[in-house]
Amino acid sequence: MKRIPHKWLVVISVLFGTFTVILNNSMLNPAIPHFMEVFDADAVSTGWVITIFMVMMGVTMPLTGYLGDKIGKKQLFIGGLSLFVIGSLLGSFSWNLPSLIAFRGLQGIGGGFMMPLSMALIFEVFPREERGLATGVWGIAAMMAPTIGPTLGGTIVEMGSWQWLFLCNIPTGILGIIFSAIVLKSPASEGELRFDLSGFVSVTIGVGAILVSLGRISELAHLQDPLNIILILIGGISLYIFIKIEHRKEQPLLDLSIFKVSAYSVSVWVGVTSSVSLFAGIFLIPLLIQTVYGYDAIVTGLIFLPAALLTGLGMTVGGRILDRKGPTLVVTSGLVIMTVGTLLFGFISMQTALWVIFALNAMRGLGMGLSQIPATTAGMNAIPEKFVSRGSAINNVFRQMSSALGIVFISVYFEVRRAHVMLTNGSIEEASLQAIQEGFILVAVLTFLSIPAGWLLGRKTKEALTEGVN
């Protein structure tokens, strides 16, 4: 340990927790049909195993800035990871579906405390000119876990017991707690902070209602469900009230004034775009491999492996380029590569060789690695140091909501288009392929329109640093 600089030990300790949380959540997605059999429940009820985690993370994240400053980032990070481990242990003992959902909610609270603090803890120990590489290494966990999680989860369910989906979190979680207790430092807390109760209530209702509604939507009919419509309206109104409240507060829960820093705002947009593209691919590619081409889940998992490796490579290389040259080249290049890889998925056919799918998905992974985390780091570098924790919290809330929105949009589009195409073409494979092609093209249009954001981010970052924002 003494031979490794302390700042890199911080990255390692944060990696333990981050990877554990994200991997576990993605592992549970393929287990939903199995939970339906185990607990004799329908798809809507069982879907809450995923939804509750997403909702509890979303409503907890806005608190991390305040609590991190109040009680200390180290204490809150360890507390969040401890809650996640406890939730994992209790989850393995679940005796019915409601108990499983409750323990998943506890996991979500723990994860909600941890995720925004991960980047904030790294920013505390790295100077600005080294943060690109550091966050690139950390970001490997954030981007690779969703790609390998479904395959690992499916394997555990098929070859073992579902309880291991939860028990496998405990060793790495405990290691993360021990490592964090030893490595992380405890700076003095800011005792004079006041809690923004009205802001907390409004943002909790807003984010919670929207995430619940998105978690309930997977086909067109769900968009017409009165309850979903009401939830979206309540969420939108609550977030509008939250914005009004925060502008009047001396000590807001989330200081929205950081959006006045253009570089930060642009970086959030790039992060949102990358999240939508990532989760759209996670939804569409398994359908392509299994429904259209007829391969099994193992092949599906292998498709994601090169993408995960190149994502990690892109983040590491992209971080170095960011530190040396700024965000313009790396973020713009990443968005271009991601756009091209996504667009080419729109022109595959029933005869397309499997290696082409490997290559295109790997290209998308490289593009995401070069764009998302470097853009986020550049945006965070542009805001005042005292806002890093809250800026990270806002980033994570947007990423959480955009991920959910991306899956909802692409899943609804897929179901509607496949059904429409099948009316004229009786083959489910051909109909599925066309819907998947169109879905990728739509995502490619979104990423294409975001390419200028890479250039704009570079220009705005230079302006912010020249003006001495920090």
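Visitor: Hi! How many cavities of 30 Å³ or more does the structure hold?

Guide: There are 2 of them. Keep in mind that we're looking at a predicted model.

Visitor: Okay, how much space lies in the second largest cavity?

Guide: About 30 Å³.

Visitor: And which residues line the second largest cavity?

Guide: Its lining is made up of Met119, Trp138, Thr376, Ser392, Asn395, Asn396 and Arg399.

Visitor: Which helix gives the most to that lining?

Guide: That's helix 18, which covers residues 388–424 and brings 4 residues to the lining.

Visitor: What does the lining look like by class?

Guide: Going by class, you get 4 polar residues, 2 nonpolar and 1 charged.

Visitor: Let's switch to the outside. Which residues form the nonpolar patch on the surface?

Guide: Look for Phe195, Leu197, Val201, Ile205, Ile230 and Ile234. Together those residues have about 500 Å² of accessible area.

Visitor: Which helices each supply at least two residues of the patch?

Guide: Helix 11, residues 197–215, and helix 13, residues 226–248. Helix 11 gives the most, with 3 residues.

Visitor: So where does Phe195 lie?

Guide: Phe195 is in the loop between helix 10, residues 169–183, and helix 11.

Visitor: Why does Phe195 count as partly exposed?

Guide: Because its relative accessible area is 35%, and partly exposed covers what falls between the buried cut-off, under 20%, and the exposed one, over 50%.

Definitions and conventions. Residues are numbered from 1 along each chain as its sequence is written. This is a predicted model: local features need pLDDT of at least 70, side-chain atom pairs count only at pLDDT 80 or more; totals for chains, interfaces and linings use all residues. Side-chain values use heavy atoms; hydrogens and water are left out. On a 1 Å grid over the protein atoms alone, a cavity is a set of points where a 1.4 Å probe fits but cannot get out, and a pocket is an open set with protein on both sides within 12 Å along at least five of seven lines; lining residues have an atom within 4 Å of a point. Grid points are joined across faces, edges and corners, and a volume is the space filled by probe spheres set on the points. Ala, Val, Leu, Ile, Met, Phe, Trp, Tyr, Cys and Pro count as nonpolar, Asp, Glu, Lys and Arg as charged, and the others, Gly among them, as polar. Patches are made of residues with over 30% relative accessible area and no salt bridge: like charges are joined within 9 Å, nonpolar side chains (Val, Leu, Ile, Met, Phe, Trp, Tyr) within 5 Å. Accessible areas come from the Shrake-Rupley method with a 1.4 Å probe; for residues, only the protein chains shown count as cover. A salt bridge is a side-chain nitrogen of Lys or Arg within 4 Å of a carboxyl oxygen of Asp or Glu. Buried means under 20% relative accessible area, exposed over 50%, partly exposed in between (1.4 Å probe, protein chains only).
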